[in-house]
Amino acid sequence: MSLTKADVIEIINRRFANTLQKKKISETIEILLEIMKETLEEGEDVMISGFGKFCVKEKNARKGRNPATGEDMLLPGRHVVTFKCSGALRDKMNAK
């Protein structure tokens, strides 16, 4: 099962014993994600200590094939986001 934004908001709300408004929590998360998206769009990396690093990588154009027709085609270059977890997170995941 995936953790959704709604799940994160609910967990934060419970951790703070319902003292924060869900609307404020939601706005804060939206702002955080927007900052991360803008930073990645500019081609910069986002590093969160103890969690990991989101990196923008450039993929070159490459040969491909249309699976429906079998026709060869050139797939254009593009940018992708990769994630590398921190050593601390990797150790926690492997400790279980």
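This is a predicted model: local features need pLDDT of at least 70, side-chain atom pairs count only at pLDDT 80 or more; totals for chains, interfaces and linings use all residues.
Good morning, colleagues. I begin with confidence. The chain has a mean pLDDT of 93, and 99% of its residues reach 70 or more. Strand S1, residues 46–48, has the highest confidence, at 97. The lowest is found in helix H3, residues 87–95, where the mean is 92.

I turn now to the aromatic residues. A pair of aromatic rings is described by the distance of the centres and the angle of the planes. The count comes to three aromatic pairs. In one of them, the ring centres of Phe51 and Phe83 are 5.3 Å apart; the planes stand at 50°, so this pair is tilted. Where in the chain do Phe51 and Phe83 lie? Phe51 belongs to the loop between S1 and strand S2 (52–59), whereas Phe83 is in strand S5, so described as a link between distant parts of the chain, 32 residues apart. Strand S5 itself covers residues 78–85. As for accessibility, Phe51 counts as partly exposed at 37%, and Phe83 is likewise partly exposed, with a relative accessible area of 37%.

Phe83 has a further partner. With Phe54 it forms another tilted pair, at 4.8 Å centre to centre and 50° between the planes. This pair also links distant parts of the chain, with Phe54 in strand S2 and Phe83 in strand S5, 29 residues apart. Taken together, Phe51, Phe54 and Phe83 form one aromatic cluster.

The next topic is charge. Side chains of opposite charge can pair when their charged atoms come close. How many salt bridges does the structure hold? There are seven. One of them joins the side chains of Lys5 and Glu30, at 2.6 Å from N to O.

Glu10 and Arg14 form a salt bridge whose closest N and O atoms are 3.8 Å apart. Both residues lie in helix H1, four residues apart, which is about one turn of the helix. Glu10 is partly exposed at 27% relative accessibility, while Arg14 is exposed at 54%. Salt bridges with shared partners join Glu10, Arg14 and Lys22 into one network.

Another salt bridge is formed by the side chains of Asp72 and Arg65, 3.6 Å apart from N to O. Asp72 and Arg65 are both exposed.

Finally, I consider the cysteines. The structure holds zero disulfides. Cys85 is accordingly in no disulfide. Cys55 is also buried, with a relative accessible area of 14%.

That concludes the presentation. Thank you for your attention.

Notes: Residues are numbered from 1 along each chain as its sequence is written. Side-chain values use heavy atoms; hydrogens and water are left out. Helices (H or I, at least four residues) and strands (E, at least two) are DSSP runs, numbered from the N terminus. A disulfide is a pair of cysteine sulfur atoms within 2.5 Å. Buried means under 20% relative accessible area, exposed over 50%, partly exposed in between (1.4 Å probe, protein chains only). A salt bridge is a side-chain nitrogen of Lys or Arg within 4 Å of a carboxyl oxygen of Asp or Glu. pLDDT is the predictor's confidence in each residue, from 0 to 100. Rings of Phe, Tyr and Trp (its six-membered ring) pair if their centres lie within 6.5 Å; planes under 30 degrees apart count as stacked, over 60 as edge-to-face and the rest as tilted.
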